[in-house]
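Subject: Structure for you to look through

Hello,

Here is the structure I said I would pass on. Please open it next to this message and follow along.

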Amino acid sequence: MYVAVKGGERAIENAHAWLAEERRGDCSVTELSVPQIREQLSLAVNRVMVEGSLYDPDLAALAIKQSRGDLIEAIFLIRAYRTTLPRFGSSEPIKTEDMACDRRISATFKDAPGGQVLGPTFDYTHRLLDFKLAAEGADVPAAAVAKPRTDPIPHITEFLNTEGLIQTEIPCDETPPDLTREPMELPTSRELRLQALARGDEGFVLGMAYSTQRGYGRNHAFVGELRIGTVAVEMEIPELGFSIEIGEITLTECDTVNQFTGSKTEPPQFTRGYGLVFGQSERKSISMALVDRALRWKELGEDNLGAAAQDEEFVLSHCDNIQATGFLEHIKLPHYVDFQSELELVRKLRRDAAHPPKCRRLQNEQL
Amino acid sequence: MSNYNFAYLDEQTKRMIRRAILKGLAIPGYQVPFASREMPMPYGWGTGGVQVTAATLTPEDRLKVIDQGADDTTNAVSIRKFFEATAGIATTEATQQACIIQTRHRIPEADLREDQILVYQVPIPEPLRFLEPRETETRKMHSLEEYGLMHVKLYEDISQHGAIATSYAYPVKVEGRYVMDPSPIPKFDNPKLEMAAIQLFGAGREQRIYALPPYTKVVSLDFEDYPFVPTKADHTCDMCDASDSYLDEVILDDQGNRMFVCSDTDYCAGRQQAGYVGALGTAIAEDVA
């Protein structure tokens with residue numbers, strides 16, 4: 001017998017309690033601490049900071065713990081927190097040329113001023129499960145230490161610029177619009193696109209970038225330079241009238257050098273794609289640079305090949321995983337009212353198909 | 001939750017949303033872009049409606065939240081609790097007693113009054129979206145009042161199926177100007193869109209707000225020879241015997257037996273209290289006793 005569905009409130013409370021238990025897992029296993037996540041799952045923390053658009057490793061680690069390791073859920077927690085924070089100013093543009101690099105490589109030159117610095121990378125590891133890690137308590141042997149380099153590490157793409165071989169980016173002092181404070185209106189600008197891509201889902205941006213490599217809007221990218229390290233963040237304090245350093249952040253920056261045979265408006269030269277993200281996030285920054293370059297077709301006078309990665313509206317409307325996952329998952333909410341109206345409609349159409357009503361036009365003609 | 005501002009959003013954000021609402025009311029049916037915030041609930045769960053409600057609420061207001069017409073569906077419960085916690089306002093399940101009603105997928109059966117506001121949660125605000133996926137194009141079509149594509153779609157429905165194959169989110173024309181998506185309400189509800197209350201539509205993920213001022217003319221798109229017909233299940237409510245309300249079909253057992261019951265739980269409960277009894281109504285009273 002039908003009983004009206006009551007008790008949603010109690011069901012929700014009980015579901016939350018069960019969820020909390022599941023999050024903790026087996027209580028005989030030591031609980032994970034937030035510093036452990038911050039230190040030992042730092043690449044997950046980085047992703048949450050990038051796509052959450054908030055540089056705070058402790059909060060990102062907390063979000064990962066709370067979300068049971070579901071990184072999109074963790075990103076969502078950070079975004080929802082971020083949106084409540086007051087804005088008390090904007091930093092000066094960071095100077096990545098002054099970065100204290102942990103890693104800095106170029107694929108376009110064998111060597112360059114500042115050197116190739118491999119840094120902590122998975123690149124040349126053999127992907128063999130290390131069963132020693134399964135045994136707890138093993139100390140990690142200390143890595144060799146060298147004196148930090150003190151020579152400047154200029155951007156490699158600038159060397160190409162001395163010959164005029166690479167397109168010059170025009171500097172601009174205007175404060176870029178903030179994607180999180182103003183509705184996005186299309187067509188948009190490169191700075192807004194870069195904001196959206198930086199916050200965009202790593203998997204989505206990777207897939208888009210990959211599609212350009214496979215021929216859907218190919219742009220022949222080389223990694224001109226990939227650098228990872230810390231930079232100072234400076235802010236002008238109105239009361240002081242000058243900038244002071246308010247902290248340091250770790251960033252990954254990728255400059256791609258893209259072949260370009262010229263167009264109606266531009267001579268043959270190399271062109272650029274750019275990726276910049278929080279923390280160590282090489283995959284994301286390279287993907288971002290490739291998609292950035294693909295989206296610049298109009299500005300460079302290239303042909304629109306109809307590729308998805310060239311389509312600003314397509315890329316920007318679908319790269320945000322918080323929007324995407326919310327809308328995707330909302331279809332599990334009750335839709336029975338709409339479904340009921342569809343039921344009525346399908347039944348009516350089936351009835352009509354079995355016994356077609358007289359054509360109205362014929363009826364009119366008979367009149 | 002005391003760390004948050006009244007109704008969660010900060011006053012600057014509310015001001016921005018109120019400006020969008022006022023613009024929407026000034027241009028009925030026009031989709032106003034607004035800087036939607038990330039809410040502590042997912043996009044798709046009513047973040048647009050929640051932001052509009054948050055910007056509209058005052059401490060003296062009494063709020064009703066429904067989903068599928070019911071006050072006790074899980075997401076309605078969740079949103080109601082959100083405002084109880086962040087705004088400390090009174091809530092009600094009685095349509096007549098509510099100052100603001102936030103809804104998903106239904107318009108209450110009872111007539112609303114001039115001193116009430118109905119807030120809709122909107123998933124896709126653009127009525128032309130499934131005909132033209134590009135926002136850049138659809139905005140142009142609206143500004144040029146170029147709605148031929150929509151009429152062609154409705155015409156093709158008729159030529160293919162003998163009827164307009166849209167049963168919810170049925171497009172309407174507002175004051176003879178903008179074609180508007182009334183949100184995914186069943187087309188049964190479309191005639192109720194002309195009402196005394198203010199109607200506000202919030203689409204969070206799509207960053208749009210639009211509005212219908214009281215007594216705005218709202219016409220469901222149709223053709224002279226194929227006029228718009230609001231439909232519902234051809235039954236009366238098995239609980240309260242109402243013949244004028246939108247019904248949910250509930251499967252009772254694995255024999256395929258089913259019953260029909262009002263989707264508007266407050267309307268149904270009110271009628272049952274007033275002594276109306278549907279075909280299965282008495283049996284339930286006995287069960288409970």
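This is a predicted model: local features need pLDDT of at least 70, side-chain atom pairs count only at pLDDT 80 or more; totals for chains, interfaces and linings use all residues.

Residues are numbered from 1 along each chain as its sequence is written, and chains are lettered from A and ligands numbered from 1 in the order in which they are written.

The sheet in chain A

Helices (H or I, at least four residues) and strands (E, at least two) are DSSP runs, numbered from the N terminus. Two strands pair if DSSP finds at least two bridges between them. Chain A has an open sheet of 4 strands in the order 1-2-3-4, and the pairing is antiparallel. Strand 1 (100-105) and strand 4 of chain A are at the edges with a single partner strand each, so one side of each has no neighbour in the sheet. On average, neighbouring strands of this sheet are turned by 25° against each other, direction ignored; axes here are lines fitted to C-alpha atoms, for helices over the stretch in contact, and angles run from 0 to 180 degrees between N-to-C directions.

Going through the pairs in order, strand 1 and strand 2 of chain A are joined by 5 bridges, and A:Arg103 has A:Ile228 as its bridge partner in strand 2. Strand 2 (residues 221-237) and strand 3 of chain A run antiparallel and are joined by 16 bridges. In that pair, A:Val233 stands opposite A:Gly247. Strands 2 and 3 of chain A also form a hairpin with 4 residues between them, and A:Gly241 in the turn has a positive phi of about 80°.

Strand 3 (residues 242-258) pairs with strand 4 of chain A over 8 bridges, again antiparallel, with A:Leu251 opposite A:Phe278.

Two helices in chain A

Helix 8 (residues 202-213) and helix 9 (residues 282-294) of chain A pack at about 55°, with their axes 8 Å apart. That makes helix 8 oblique to helix 9 of chain A, because angles under 35 degrees count as roughly parallel, over 145 as roughly antiparallel, 65 to 115 as roughly perpendicular and the rest as oblique.

The sheet in chain B

In chain B, 3 strands form an open antiparallel sheet in the order 7-6-10. Its edge strands, strand 7 (178-180) and strand 10 (218-220) of chain B, each pair on one side only. Strand 6 (residues 172-174) and strand 7 of chain B pair over 3 bridges, and B:Val172 has B:Met180 as its bridge partner.

Where the chains meet

In all, 43 residues of chain A are in contact with 53 residues of chain B; contact means that the C-beta atoms of two residues, placed from the backbone, lie within 7 Å. Helix 12 (336-354) of chain A is one of the helices that supply at least two residues of this side of chain A, and its 12 residues are the largest share.

Regards
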